[in-house]
2 protein chains.
Amino acid sequence: MISVCILGAGNVATHLFNAFNKSDKVVVNQWFNRTIKPLQPFKNDVEIIDDLAKLVKADVYIIAVTDDAIFDISKRLPFEDRLVVHTSGSVTIHDLDKKLHRGVFYPLQTFSKDVEINFANVPFCLEVLEKENLETLKNLAEAIGSPHSKINTEQRQTLHLAAVFINNFTNQLYRVGHEISDAKNINFDILKPLILETAKKVQSISPYLAQTGPAKRHDKKTIKRHLKLLENKMHEDIYELLTKAIKQTHGKKL
Amino acid sequence: MISVCILGAGNVATHLFNAFNKSDKVVVNQWFNRTIKPLQPFKNDVEIIDDLAKLVKADVYIIAVTDDAIFDISKRLPFEDRLVVHTSGSVTIHDLDKKLHRGVFYPLQTFSKDVEINFANVPFCLEVLEKENLETLKNLAEAIGSPHSKINTEQRQTLHLAAVFINNFTNQLYRVGHEISDAKNINFDILKPLILETAKKVQSISPYLAQTGPAKRHDKKTIKRHLKLLENKMHEDIYELLTKAIKQTHGKKL
C-alpha cells in the first residue's frame, strides 16, 4: 500500500484523487489546498486540510498546482527528506526545494473537469534525483493502471511542447472545422467520425504515411478553390501555412 | 437487393467494394477500371472490366475516380437515364453528364490503402437531382451500416474544406509532434494516448470547451519558453499562428 498526500485542487489533482481513491493499492492520507472550499465535496472520502503544518507522514507528496506556485509550496513544507513530486510538464525537478527528496510525476494527458479519464491511457513521465525513489513512483503509476517511462527534464519539456501541437493546436483545428460548418448550417456531428478516425489511424501507422489530401498531392486547383471558399482571414492563414508545411514534409526528394 | 457497378480502383472504390461485398443487401455486378491490373486481385469475387461498353444494367453506378476524370467518364457511359453518382467532396453534381440521373455519394472519411475502416463510422453525404433517387442512395448507405445526410453541393464543398483542417492539417500537427519527439530520442508512442483522447473529448463537448493550455491561459512565460525550445522555423511559425488563433477564439470579450 502506498500512502500519498495531494496538494492542490485543480483538474490534475482531482483526477488523481479519484484514481487513487478507486485503487486498493493507494491510500490518500490527506488532501491539502490553500482554500478549503474546492475540497468540501470530498470531505467524506478523505481528510481535507488548508494548513501545511497539519500534513502527516506519507510515502509520496504530490504537488499538483500551477507551475508558478510549485517552488513556493515546496519551500513551505514542514519536513525534510521525504519524497515530494510535482506533476508539471515544464517545471524542472530542481524547482522543488532541495531539502526534499525530489521527483516528477507528469501525466502526459489532457484533463477536463467534467470528462472522465481512463488512467490506462495516461502515460506518466517519471523523474527522480535519488534512484531508490523511482520504484515508488513506478508502483504508484501501476497502482492506478497507468504506463510509465523514465523521462529526463529536457525530454519532458519537449513532450510538453509536442503536446501543445498534438492537443491544443489540434483542438483549435477542430474549432475551425466547427466554425466553418456552423457558417453553412451544417451539424458539426457529421465531422466527428473523421476526427476520431484521423487520431486512430496514427496509432498504427506514422503521421507521414497517414497523410492524404490536396496539399500532399500538390493539387493546386483544389487548394485555390478552398482558399476562395474561406471567409475568415485567420482560417486562410492557417490553411496556407499548414499547406506549406505538408508540402515541405512531402516534397519531391532531390 | 441493390445492384451496383463501381468505376475506378482507388482507395474509396476499393473500400466501397469490400463493404458492398460483405453486405447481403448489395450485389456488385461489375467493377470497371481503365486498366485491368489493379482489379486482378478481385477477379474471383466480381466481374472485372476495362471497357465501358461492357457495362451491364445496375441500380447505381458509382464513379470513384479522381475529380478531374469524373466528367469525362460520365460522358462516355453507353447509356442514359440511369442513376450515376460520384464520390467526390468538391465536384458539383452538375459535373456529371446531363443525359444521366445524377447523384452524389460522398463518404466523409479518410481512407488509406492498408487501414481497415468500419463503415458505421463513415457518414455519407447524399445529393440527387431526381427526388426518387434519394431513397436508393439512403438504402445503399444503410446496407453497409453507414449513417447518411442530405447535403447540397455548397455544404458538401464546405465539409470537404473542413475535413482538410480536421484531417490533413491535424495529421500534420501529429507529424510535427513526431519530429519534435524524434529530435530528442523520445518514442512517439508515448504521445499516442493524448492524440486519441484529444479526438475523443470533442465527441461529447465542443472544441471551444475542450481547449486548454498556455495559449488559452494567455501564459506568456510558457509560450516564450516553448518558442525558444523550437529548433525549426516551420514549427515556430505554426506555434505562433495557432497560438494567435487560440487567443483570438478565447480572448477576453469586451
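**Note on a predicted two-chain model**

1. In chain A, the side chains of A:D72 and A:R76 come together in a salt bridge, with 3.3 Å from N to O (a salt bridge being a side-chain nitrogen of Lys or Arg within 4 Å of a carboxyl oxygen of Asp or Glu). A:D72 is partly exposed at 35% relative accessibility, and A:R76 is partly exposed as well, at 47% (buried means under 20% relative accessible area, exposed over 50%, and partly exposed in between, with a 1.4 Å probe and protein chains only).

2. Before going further, please note that this is a predicted model, in which local features need pLDDT of at least 70 and side-chain atom pairs count only at pLDDT 80 or more, while totals for chains, interfaces and linings use all residues. Residues are numbered from 1 along each chain as its sequence is written, chains are lettered from A and ligands numbered from 1 in the order in which they are written, and side-chain values use heavy atoms, with hydrogens and water left out.

3. Over all chains, the whole structure holds 18 salt bridges, and two of them can be followed along helices (helices are DSSP runs of H or I with at least four residues, strands are runs of E with at least two, and both are numbered from the N terminus). A:E179 is bridged to A:R175 with the closest N and O atoms 2.8 Å apart, and both residues lie in helix α4 (residues 153-183) of chain A, four residues apart, about one turn of the helix. A:D237 is bridged to A:K233 at 2.9 Å between the closest N and O atoms, and this pair lies in helix α9 (residues 233-249) of chain A, again four residues apart. Here A:D237 is buried, with a relative accessible area of 19%, whereas A:K233 is exposed at 55%.

4. A network of salt bridges also links A:E154 with B:K184 and B:E231.

5. The largest nonpolar core contains 74 residues, and among those with the most contacts inside it are A:F165, A:I238, B:F165 and B:I238 (such a core is a set of buried Ala, Val, Leu, Ile, Met, Phe, Trp, Tyr and Cys residues joined through side-chain atoms within 4.5 Å). Elements giving two or more residues to this core include β6 (101-107) and α5 (192-204) of chain B. Leaving aside residues up to four places away in sequence, B:F165 touches several residues, including A:L173, A:V176, A:I238 and B:T170 (contact means heavy atoms within 4.5 Å).

6. A rotation of 180° with 0.0 Å of shift along its axis superposes chain A on chain B, with an RMSD of 0.0 Å, which is the relation of a two-fold axis (copies are superposed by least squares on the C-alpha atoms of residues with pLDDT of at least 70 in both). In chain A, the C-alpha nearest the axis belongs to A:T170, 2.7 Å from it. Because 99% of the interface residues of chain A are also interface residues in chain B, the copies meet through the same surface.

7. The charged end of A:R82 sits over the ring of A:F79, 4.4 Å from its centre, and the charged end of B:R82 sits over the ring of B:F79, 4.4 Å from its centre (this requires NZ of Lys or CZ of Arg within 6 Å of the ring centre and within 35 degrees of the ring normal). B:F79 itself is buried, at 7% relative accessibility.
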